[in-house]
Amino acid sequence: MLTRIGDFAQHNRTTQLLLDAQTRTREAQIQISTGKVASRFRDIASETNRLVSAKNALQRIRQYQSNNELVDHRLTAIQSTTLK
Amino acid sequence: VVGSLDQLSRTIGGLADQVQLLRGEADQEIGRTVHEINSDLQGIHDLNVQIDRAAHPGQASPELFDKRDELVRSLAAKIDISTYVQENGTLAIYTAGGETLLDKTPRVLVYDPASSVAQNSPFQPIAVFRQDQIDPASGQPINPSAGVELVSGGIRASLTPELQNDAVPDADQQITSRVRGGRLAGLLEIRDRVMPEFDDQIQELASALRFALNAAHNDGSPVPPPAEMSGTRTDLSDFAAAARSGTATLAVIDTTDGSTVLAFQIDVGAAADEAALAAQINAGLGGLGSATIAPGGNLEITLAGSDQGLAIAEGDSAITITDAAGRSRDYGFAHYFGLNDLVVSDGSRPSDFAVRADIASDPSRISTARLDVQGPPLVATLGGAGDNRAAQALAAALSAAQPVIARGGLPAKSVTLATYAGDIIAHSSVLAQRAAQTADRDHALADALDYRAGAVSGVNLDEEMARMVQLQQAYSVAARVVAVTEKMFDELLGTVS
């Protein structure tokens, strides 16, 4: 069956599709320039938990490192005072 | 540590406040949407009247129909409706649930937005009234119960266990909505389900955080220990009935040299009620101090000597309390009474908390040391200035798994606080993604339908061109006929003359 096509509707539709394509291009450009696949948790919903856990683990490791550095400084200070 | 904790309490409190603020905005928006629905209905009704005035349905001006279609489109975006064109060309509108919104006269939706929105504040119902049920002077219904409720009044869409178990009937608290689509349904969903559930999760996180921090902090003691302890729990009514067991150790410490003056144990399980427990402490302290239930309802222990401080080890003391939300938690003796809390409540919600004022102003009062208990014979010694076991226990409390109850889509389980916070973010982002996908899908559907409608109603240039060619040919054929006829007449006239 031949479908009737309204020119105005067709025009609107094409413009809409063009705009959609433009939006996708912009997203891709943002991905390229930032080097990250998403800028919001929403865009990586299924991976969010893993990302947050990893960030949490990273933070704890950093804290652990800084604690160790602190202990190291203190021990060095004690050593330098006792060796005199 | 104190600074970070203070910041954390502000962040969580701020987040909880933000949630209520957003609910308030959604509620105001609902009020505006209801207002717009009413004016759309009135507009459609006015056009209906004009269309009806034309002698025949076909005689009404197409502009009127166009205007009416525009208003129906605007109305359909706000609430799900079905329409029906009557014999005289006027339009009747019903909600998808079958409630009449417009037939001979438009109905009026009445909603009164809440002036302020808090965690458990109630909302008014959204009801449909006939125009004769509305007082024209005030615009309010003459008899508020005469209308048909589209959305019932209440607190939220899904009730929490504490709301289910309270004295108010559940039917008065639960909001049930018959609106299934449109902006109104979306706003109701945000106000009554999405935001309250997110708030539940934040409150659960805050509650678990407070429990873990205070449990660890009460089991330690600052160096030097304080001479006076004032409990933060003012309602001790559940103490007598609670399942209790074990013993806690109290020690009076000489603050000048850190030696133990006196140590004794109290039996939490054996005391009949809180007064009996205070009597046990008094007996143990002898003349060194006294324990009383203060007029405010909280337990207070005060030492008489100026150079003496009190240190407590929770030992195996356990007081099991099940709160209204269904959380069953084991409190130690000092933790139950809140004798040495790190964070205290400064509001009604779990997320309203702050670092205890005296610790905030003097961070050296944070628990760092532990009371070591050996015996029998009972010997209790408080770790000195170099003891940081209580501080380590505080840090460990944050990474230890603890039970949380099912809240807003997150199941009951045993998790660390950081994991739970991650779960909240993940849950919210999945919801956001799902909402965005649904929106995308619906947009695509709306676009496709729009396109089809345009294809039927719009002009096709090829079609018009073909029609024009057809007309041109018809014209030239007609011209030819005229020319032939003229020639025939000419011939005839020539013959006659």
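Which residue forms a salt bridge with E463(B)? The partner is R467(B), with the closest N and O atoms 3.7 Å apart; a salt bridge here is a side-chain nitrogen of Lys or Arg within 4 Å of a carboxyl oxygen of Asp or Glu. This is a predicted model, in which local features need pLDDT of at least 70 and side-chain atom pairs count only at pLDDT 80 or more, while totals for chains, interfaces and linings use all residues. Residues are numbered from 1 along each chain as its sequence is written, chains are lettered from A and ligands numbered from 1 in the order in which they are written, and side-chain values use heavy atoms, without hydrogens and water.

**Salt bridges**

- Over all chains, a search of the whole structure finds 30 salt bridges.
- D17(B) and R349(B) pair through their side chains at 2.6 Å, N to O.
- D17(B) sits in helix α1 (residues 2-53) and R349(B) in the loop between β16 (343-345) and β17 (353-355) of chain B, so this pair ties together parts 332 residues apart in sequence; helices (H or I, at least four residues) and strands (E, at least two) are DSSP runs, numbered from the N terminus.
- R349(B) is buried at 9% relative accessible area, whereas D17(B) is partly exposed at 43%; buried means under 20%, exposed over 50% and partly exposed in between (1.4 Å probe, protein chains only).
- The side chains of R183(B) and E29(B) form a salt bridge at 3.0 Å, N to O.
- Because R183(B) lies in helix α5 and E29(B) in helix α1 of chain B, the pair links parts that are 154 residues apart in sequence.
- R183(B) has a relative accessible area of 33%, and E29(B) is partly exposed at 22%.
- E463(B) and R467(B) both lie in helix α11 (residues 461-496) of chain B, four residues apart, about one turn of the helix.
- Shared partners join E29(B), R32(B), E36(B), D40(B), K78(B) and R183(B) into one salt-bridge network.

**Buried polar side chain**

- Q203(B), in helix α5 of chain B, is buried at 2% relative accessibility.
- A polar atom of the Q203(B) side chain lies 2.8 Å from the backbone nitrogen of S351(B).

**Backbone geometry**

- The peptide bond from V223(B) to P224(B) is cis, with omega near -5°.
- P224(B) belongs to the loop between α5 (182-218) and β7 (228-230) of chain B.

Terms used:
A polar contact is a pair of N or O atoms within 3.5 Å; within protein, one must be able to donate a hydrogen and the other to accept it, and residues adjacent in sequence count only if both atoms are side-chain atoms.
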